[in-house]
Amino acid sequence: MKHESAENHVTGRAVYTDELRVPVGLLRLYPVQAPHAHARILALDIATAAAMEGVHAVLTAADVPGVNDTGPILHDEPLIPTDQVRYHGQAVAWVAAEDGTMARAAAQRVQVVYQALPAILGIEAAEAAASFHLPPAKVERGDVAGALAAAPHRISGEVRCGAQDHFYLETHASWVEIDGDGLVHVTASTQHPSETQAMVAHVLGLPSHRVVCRCLRMGGGFGGKETQANAFAALCALAAQRTGRPVAIQLPRSLDMQLTGKRHPFRGRFEVGFDADGLLLAMDVDLVADGGWSCDLSPPVLMRAMVHVDNAYYCPHVRVTGRIAKTHSTSHTAFRGFGGPQGMLVGEEIIDRVARHLGLPPELVRARNFYRPGRTPDRNHTHYGQPVVDNHLDALWAQAHADAEYACRRIEVDAFNAAHASRKRGLAITPVKFGISFNKTEYNQAGALVLVYRDGSIQLNHGGTEMGQGLHTKMIGVAARTLGVDPARIRVMATSTDKVPNTSATAASSGSDLNGQAVRAACLTLIARLTPVAAGLLGCAQEDVRFRDDGACASATTGRTRGEAAPAVGFAELVQAAYDARISLSATGYYRTPAIHWDAAAGRGHPFYYFAYGAAVAEVEVCVHTGVHRLLRVDLLHDVGDSLNENIDRGQIEGGFVQGLGWLTCEEVVWGADGRLLTDAPSTYKIPTVADVPRDFRLRLFQRPAAASTDVVFGSKGVGEPPLMLALAVREALRDAVAACGSGGIVELASPATPEAVLRAIRAQRARLASAAPQPPAAPPSPRERGEDTEALT
Amino acid sequence: MIFTRMSESSFRLNRRVVPLTGSDSRESLLRWLRRERLTGTKEGCGDGDCGACTVALVERDSDGRAHFRAVNACLLPMGMLAGREVLTVEALAEEGTLHPVQQALVDCAGSQCGYCTPGFAMSLFAGWYAGEFDDHVIEGNLCRCTGYAPIRRAAAQLAAMPRASDRFSALLDAASTAPAGEPPHDTPGCMALSPPPRTAESRGEGGPPFHRPSTLAEAFALKTTHPQAIWFCGGTDLGVALSRGQSVASAFIAVDRLTELHTLDVRADAVRIGAGVPLSRLERELAGVFPALDRMLPWFAARQVKNRATLGGNLGSASPIGDLLPWLLAHGAIIEVAGPRGARELPVDGYFQAYRKTARADDELIVAVRVPRLAGPQAAYKVAKRQTDDISIVAAVYALILGDDGRVERARLAYGGVAAIPLRARRTEDFLLGRALDATTVAQACALLRAEFTPLDDHRASADYRRELCAALFAKFVEEGVT
């Protein structure tokens, strides 16, 4: 089945938030942005701006009738700041005017007097100032100090990774209209309509039943619209309440990049003990995430990083500590993988350093350390105490090697490198083990509402949002399969809080798991109600009724092959009969994930219902002169269980991989010394283009060797986030190519591995080769002095 | 059909004539389309960098044949549209039948969130009628969902399909034979090089006037009457400023359709390139003439930008990272400028005076550039964070002439991204004269090159990396290009 909106996408008919019919009198919002990363607001004079043509309101903190806060976890995020600026470009007021140009012109006339204050920028500055969100978190197993002391080999090191902008093609958009009865209608590009509803209510000082939030579809989300959409919806609502007019916002790209949070930059420091075979004995890892100015979702992001440092590797004694730096930057937020990629990058760094320290092939050390079931002593429980459910790592790894002809290509790459001085190739294979479920247990629930009309057509409502990941298409598939009807009967309605309440964010790769089971439950309720009606029409026992082929039939006909058996009663006819018999034709469905629990304070539990597995092989070529690199070939093998929709799952895997490739290679978020975001447009922030994707790009879906022990909808697995981390193979392949410039030993490589970073790593290898010293000092790269941008667009 | 008075400016959109009366000349076509509820064309950036707003512009080539050219609607101010013919995504499907490029995207699962999809459809649409389906057709379109693999599969599917005549090829046929003229009431297609409407004044358009002269002489007369007006050609630089709401200028003189600027004269010793020739045409028609240009143009920008950007614009904006400027420096090009006070020739050496300041007087227009054809090793290099459609960290173009004994007789090493203007590495050039390019000489030249410039640190790269590249690229050139 193709994407339910595919034809509307290609014709431009698919409607996004900002494309609804413009209501009469629509106003547009524009921010007044602070030119400091940290400042006190001494005075704010809106009089001139408010008097300008077309201006209907200038919103300041004083206009908030309810609670001036949109923090999803802590109440530390004022919608409009009252007295302090906490990041460069933060909006201190918003102008509502008849069009965007007028709003912008007026925003420039709002007079603000600031007293600049010292800003904390970056993780080291936060450490120096002891500026953190919340106390440190810890996940620990065993006797780390003892095992480290006893380990035959021990190394320590540091690695950091940069931020990543979501760069969804559709920037943040919201609009709000308050009707004559005082009902607040919010339409938002949000991954979490229930939270957007709650925030709008909270800010306006209204009960939730006075607010309806719907989401038509998003032009991409990737986590960037999990919490970040709330403030824009709330601002529109505030302006609508103040002016009595409908109010909309769609952020210009640069504002979107300046105002919203990104993937958290992380710093990982580690000490690891291991034996001569590279087997991990003990690991002490310290993670610091740059959380930015407010807490947002940083605690669960950090926690997911802490419980993914292990990736696919067992280590008996582990201590992971985590802190969230509180800095004067945008508040970093959810982004596909939600801390998992950062944690796994640190884990892969550790494994690679262990291997290169010992002079062993990294792929061998990786495989040696895999979690494995059925061993004594146990090596299939994570450091947070959860068994690695349905562990297929060995089978998957063997297949990935074979599919990619890894051994043979290793020889070819080595031969190429021996023959070429100016170009070096690198080859690497990395695994992915990613936990599926929200770390926050209460989010693991979902609802659905299925409405069947008398003509046999069906409206499907569920709590999930569509952002391109194909959730709606999968939900149509689940409903059609459960009801036995033609998918063409089913229309998915825009996600709306008045259809399905109290929903969770569409996030954590859980959208189809949670909503799929809720949809299935609703459909099963309908089946139960329709069964007696069908039995009556078919003249058979209720237990013999089968729903399939767009209707119902008696099981006597099930002997025929599928497609041959004509339904004994068509779905529309059955539905009409049910209506006549006064049978309810609508049902809700509800689901909560079984088995999971998590003790956040102890850092222990069973937070993930299951794991998604994958492996990737990447081959790169690096120019030794410039550090410019090219990805030559990629082989992906990924486990989606019994795919709900192969087209969509393949799209998620390919797309996730390329997004990870961007994070690890060309996407570099850079802030100036004053805290200003310097990369706030696609001219300065480079996501991959088609040319960055290798022509030789292979993907296979893994067929698991044994049935799942879990009960996920129709045997499927979540696929939204895990493939992003397949791209770690590219980083490791680059490291392999850099290693070919030296003579063994640890290779330090910055992330993102831009051409400059790769060249720096090559130079370090060369320098070591020249001096023949055993180890270079592991000095962290000094933060670059950033000058003003003197270049303009060509 | 909308009734249009002859005195009004108009353009043809999706085969209907649309008056420009009341439009704001500065507003981009993209914003205008969206206000008109043609929301299939999306804004992903408004800077010409994402391709979500790609539309097809009908343009007649030098051979008179009309083509669809993919362009970014965000960079096209309404003032440039009079007499133009534009197709948007809304025009492609007819009565429920998808265009083959749309069907291929559906078949190959080429859309996920769908927001970039209309732009891809339009790029593929232009490619379909040109018979082009390689990555260059879509590299100006950013997609954040699919990883491009399914879109590439759609392009491959299209490449394998037979292409029958259809209403769009008929439109191109009609546009190829239509008499030049405006406004485009009944004959479809107009006009790449046809005399466009004379001035925007008195034609009902709002905003600062976009004067549209039909000859150079008219252009200079307009400049004399309106000295504050600025030249506007492809608009891939000024269009960004307008799209961002900057006022830019109180009046504009559109020179993109002046036939005098569209000449391309290839001679044995030199090529004279009209300042208004879009770079995509240079890519097609000069292939094989200049090895360094062949290397640089694919890196220069994406297709949508190259369909509008010109050599004159690159020289006029004179950005230190204008990628064709080192090429002109390496070749010792001559810039022909003309104005109300007459014509003159400016050697490219000395043309760049300070950051975006040149030897061209404000009232002068770049008419053409003469680029000598050189024998001897020559090559272009560009290093950026991303290897396509990115701004250079450092760009370098080298041209050497070697004697029979292998000694350097002439050396031009030109760089972009290393200073406020594009520069030649003159100390290194002098050093190389009379020397053979052995390992010692190259090492010494590299040492000189590392010290030749004092580049800046910025968000693209450190000064150290730039200095290193100045040397590394030369070493790479010698290794690859000088045998």
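Setting aside neighbours within four places in sequence, Gln197(A) is in contact (heavy atoms within 4.5 Å) with Ser208(A), Val211(A), Cys213(A) and Thr497(A). Gln197(A) sits in helix α6 (residues 193-204) of chain A; helices (H or I, at least four residues) and strands (E, at least two) are DSSP runs, numbered from the N terminus. At 12% relative accessibility, Gln197(A) counts as buried; buried means under 20% relative accessible area, exposed over 50%, and partly exposed in between (1.4 Å probe, protein chains only). Its side chain gets to the backbone oxygen of Ser208(A) at 3.1 Å.

A word on the model itself. It is predicted, so local features need pLDDT of at least 70 and side-chain atom pairs count only at pLDDT 80 or more, while totals for chains, interfaces and linings use all residues. Residues are numbered from 1 along each chain as its sequence is written, chains are lettered from A and ligands numbered from 1 in the order in which they are written, and side-chain values use heavy atoms, with hydrogens and water left out.

Next, the cores. A nonpolar core is a set of buried Ala, Val, Leu, Ile, Met, Phe, Trp, Tyr and Cys residues joined through side-chain atoms within 4.5 Å. The largest one holds 216 residues, and those touching the most other members are Met283(A), Val285(A), Leu287(A), Leu636(A), Phe657(A), Phe68(B) and Phe125(B). Helix α15 (residues 511-538) of chain A gives this core its largest share, twelve residues. Another core, of 57 residues, lies apart from it and includes Leu27(A), Leu29(A), Val184(A) and Ala239(A).

In chain B, helix α2 (residues 100-107) has Val101(B), Gln102(B), Ala104(B), Leu105(B) and Val106(B) as its buried residues. These pack against α1 (6-11) of chain A, along with α3 (117-130) and α5 (149-159) of chain B. Just after α2(B), Ala109(B) takes a positive phi of about 55 degrees.

Arg633(A), found in strand β28 (residues 629-638) of chain A, counts as buried at 8% relative accessibility. Its side chain makes a polar contact with that of Asp635(A) at 2.8 Å; such a contact is a pair of N or O atoms within 3.5 Å, where within protein one must be able to donate a hydrogen and the other to accept it, and residues adjacent in sequence count only if both atoms are side-chain atoms.

Then there are the salt bridges, each a side-chain nitrogen of Lys or Arg within 4 Å of a carboxyl oxygen of Asp or Glu. A search of the whole structure turns up 91 of them over all chains. In one of these, Glu667(A) pairs with Arg144(B), with the closest N and O atoms 2.6 Å apart. Glu667(A) lies in the loop between α17 (646-664) and β29 (696-701) of chain A and Arg144(B) in the loop between α4 (135-138) and α5 of chain B, so the pair joins two chains. Both residues, Glu667(A) and Arg144(B), are buried.

Within chain B, Arg370(B) bridges to Glu336(B), the closest N and O atoms being 2.8 Å apart. This pair links distant parts of the chain, with Arg370(B) in strand β15 (residues 365-372) and Glu336(B) in strand β11 (residues 334-339), 34 residues apart. Arg370(B) is partly exposed, at 24% relative accessible area, whereas Glu336(B) counts as buried at 11%.
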